[in-house]
Amino acid sequence: MDAPEADRLQMHHAFDHGPDGGVCVVRCIGGRPRAGQFFAAKGLTGTLRLDRIRQYDVPVTSLTPPHSAKVHLSGGPLVQLRYGDVLVSVPEPGDTVALPLGVAPDWRGRLEACGLRLLGLDDVPDDFPEPLRAHYADRAHPGHPSALARSDAELDHLWDTLTRAARLASPEGEFHLVPPDPNGHEIGWARVRDLVGTALPSRVLAATGRAAFFAVSPDGRVLGAVTDEGTGKRIVVREDDWKTRRAVT
């Protein structure tokens, strides 16, 4: 199942806002954002609803590039948004993709809060690794130890640098993920599209409280992991045929 391209708004500044949202000035940089859509952004916990759009104090229902407008967003505080941050449209919480029995109702919402669009479940080749095997990714190859991050900013930088070099995501930003959930292995592999494109660890941390997850390239060749243990946060990105385990980091 394919998803439509996301609509994008770039933050300029917020004013007249509180714990449940407020008014801000944004610029449309992609798609055609419409009133009633939901948006995610780096650093946000949860999603924001685009309630109203006003151009030159005239109400409008949508916005096209490269125009700017005052918008009213609701669903949470805006204090985490900074100048230049990009808000990316995500599916409405009421939308559904068939999920296995027993999955927590808020599981899909956590993915959306991470800026990840769910494209499908268990849509993988027959020889794809079992989700339960994903935990082996944090076991560094003896000759290539995992990378220890001293800060969240360094964690994001390492993830972006290593996964791009290894081509973990497709050119469209798609990959498979064991959902960052206590029962993620029971859900199985989720095919997702990264709507933000950078700083995935900090987005997972903001949405779930832990920067820990496992991801695999669409062809299963590259596996990446972020672990959040008592010794600190570590990253392993490994080219892996699941037999010889050839490391790239």
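This is a predicted model: local features need pLDDT of at least 70, side-chain atom pairs count only at pLDDT 80 or more; totals for chains, interfaces and linings use all residues.
Helix H2, which covers residues 152-166, has 15 residues and reaches 21 Å from its first C-alpha to its last, close to the 21 Å expected at 1.5 Å a residue, where the expected span is 1.5 Å times one less than the number of residues. Residues are numbered from 1 along each chain as its sequence is written, and side-chain values use heavy atoms, with hydrogens and water left out. In secondary structure the protein comes to four helices and 14 strands; helices (H or I, at least four residues) and strands (E, at least two) are DSSP runs, numbered from the N terminus.

**Confidence**

- The average pLDDT of the protein is 78, and 76% of the residues score at least 70, pLDDT being the predictor's confidence in each residue, from 0 to 100.
- Residues 94-105 have a pLDDT below 50, and this stretch makes 12 contacts in the model beyond near neighbours in sequence, a contact meaning heavy atoms within 4.5 Å.
- Residues 241-249 also have a pLDDT below 50, with 26 contacts in the model beyond near neighbours in sequence.

**Whole protein**

- Of the 249 residues in the protein, 49% are buried, where buried means under 20% relative accessible area, exposed means over 50%, and partly exposed lies in between (1.4 Å probe, protein chains only).
- The accessible surface comes to about 12,400 Å², and 52% of this surface belongs to carbon and sulfur atoms; the areas come from the Shrake-Rupley method with a 1.4 Å probe, and for residues only the protein chains shown count as cover.
- When contacts between residues at least 6 apart in sequence are taken, 63% of them join residues at least 24 apart.

**Helices H2 and H4**

- In H2 the buried residues are Leu155, Asp156, Leu158, Trp159, Asp160, Thr163 and Ala166, and they pack against strand E9 (147-149), helix H4 (200-208), strand E12 (213-216), strand E13 (222-229) and strand E14 (232-239).
- H2 is followed by Arg167, whose phi is positive; this residue lies in the loop between H2 and strand E10 (174-178).
- The phi of Arg167 is near 60°, a positive value in a residue other than glycine, and Arg167 counts as exposed because its relative accessible area is 67%.
- Within H4, the buried residues are Leu200, Pro201, Ser202, Arg203, Val204 and Ala207, and the residue that follows H4 is Gly209, with a positive phi near 90°.

**Nonpolar cores**

- A nonpolar core is a set of buried Ala, Val, Leu, Ile, Met, Phe, Trp, Tyr and Cys residues joined through side-chain atoms within 4.5 Å, and the largest such core has 28 residues, with Leu116, Trp159, Phe175 and Leu177 making the most contacts inside it.
- With its neighbours within four places in sequence left aside, Leu177 is in contact with Leu111, Leu116, Gly188, Trp189, Ala190, Val192, Phe213, Phe214 and Ala215.

- Asp16, placed in strand E1 (residues 8-18), has a phi near 50°, a positive value in a residue other than glycine, and Asp16 counts as exposed because its relative accessibility is 65%.
- Gly30 has its place in strand E2 (residues 21-30) and is buried, with a relative accessible area of 12%.
- Gly30 is in contact with Asp7, Arg8 and Pro65 when its neighbours within four places in sequence are left aside; Gly30 and Pro65 are 35 residues apart in sequence, yet 6.0 Å apart in space, C-alpha to C-alpha.
- The peptide bond from Pro65 to Pro66 is cis, with omega near 0°, and Pro66 lies in the loop between strand E5 (58-60) and strand E6 (68-74).

**Cysteines**

- Cys24 counts as buried because its relative accessibility is 0%, and Cys28 is likewise buried, with a relative accessible area of 0%.
- The count of disulfides comes to zero, a disulfide being a pair of cysteine sulfur atoms within 2.5 Å.
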